[in-house]
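Please have the model in view as you read.

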Amino acid sequence: MSGAVEARLAELGLTLPAVVPPLASYQPAVQSGVYVYTAGQLPMVDGKLAVTGKVGAEVTPEEAKDLARTCALNGLAAVKSVAGDLDRIARVVKVVGFVASAQDFTGQPGVINGASELLGEVLGDKGVHARSAVGVAVLPLDAPVEVEFQVELTEA
């Protein structure tokens with residue numbers, strides 16, 4: 001099933017990827033009532049991380065912002081896996097982004113803007129959300145960034 005949201009992805013030159021398989025004991029996304037919660041999404045492409053390391057050291061903030069976009073795209077795939085259709089998204093409620101940061105790096109909000117901007121480009125006003133951008137010492141697989149989000153769905 002694909003609709004207006006996936007058509008918008010295509011207009012932006014983006015393809016919804018396959019759901020990233022879990023790396024441990026969790027589900028990529030779960031639905032509770034009208035809400036879908038994604039697991040933390042790493043910037044995986046074709047089953048691997050293109051870039052590893054800390055932002056502000058091995059990874060530039062610009063590279064990390066692009067990686068956050070990839071995380072958000074992976075999150076949309078996870079949402080679709082339980083919602084069935086991305087057109088059911090009523091709104092993105094909350095985004096939480098984690099940035100593996102060099103000790104002196106303080107630009108986490110700019111990095112996570114990559115995810116926020118992608119959601120806005122794809123979903124318009126439905127993509128406007130509350131957000132946290134958090135610097136951390138290390139992420140799984142030495143990923144530079146991880147993004148999770150919560151969406152509210154319309155009734156099926």
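Helix α2 gives the most to the lining of the largest pocket, with four residues; helices here are DSSP runs of H or I with at least four residues, and strands are E runs of at least two, numbered from the N terminus. This is a predicted model, in which local features need pLDDT of at least 70 and side-chain atom pairs pLDDT 80 or more, while totals for linings use all residues. Numbering starts from 1 along each chain, and side-chain values use heavy atoms, without hydrogens and water.

The largest pocket holds about 220 Å³ of space. Among its 15 lining residues, P17, M44, V45, D46 and N74 are the closest to its centre. The elements that give two or more residues to this lining are β3 (44-45) and α2. By class, the lining has nine nonpolar, four polar and two charged residues.

Now to the helix pairs, with axes fitted to C-alpha atoms over the stretch in contact and angles from 0 to 180 degrees between N-to-C directions.

| Helix pair | Axes come within | Crossing angle |
|---|---|---|
| α2 (residues 61-83) and α3 (residues 108-123) | 7 Å | roughly 45 degrees |
| α1 (residues 4-11) and α3 | 8 Å | roughly 115 degrees |

In the pairing of α1 with α3, the contact (heavy atoms within 4.5 Å) is made by V5, R8 and L9 of α1 and E121, V122 and L123 of α3. It has four nonpolar, no polar and two charged residues.

Helix α2 passes α3 in a right-handed crossing. Residues of α2 in this contact include P61, A64, K65 and L76, and those of α3 include G110, V111, N113 and E117. The contact of α2 with α3 has 13 nonpolar, three polar and four charged residues.

Note on methods:
Left-handed = near helix turned anticlockwise from the far one by under 90°. Nonpolar A, V, L, I, M, F, W, Y, C, P; charged D, E, K, R; others polar. 1 Å grid on protein atoms, 1.4 Å probe; cavity = no way out; pocket = protein on both sides within 12 Å on 5 of 7 lines; lining within 4 Å. Points joined across faces, edges and corners; volume = space filled by probe spheres on them.
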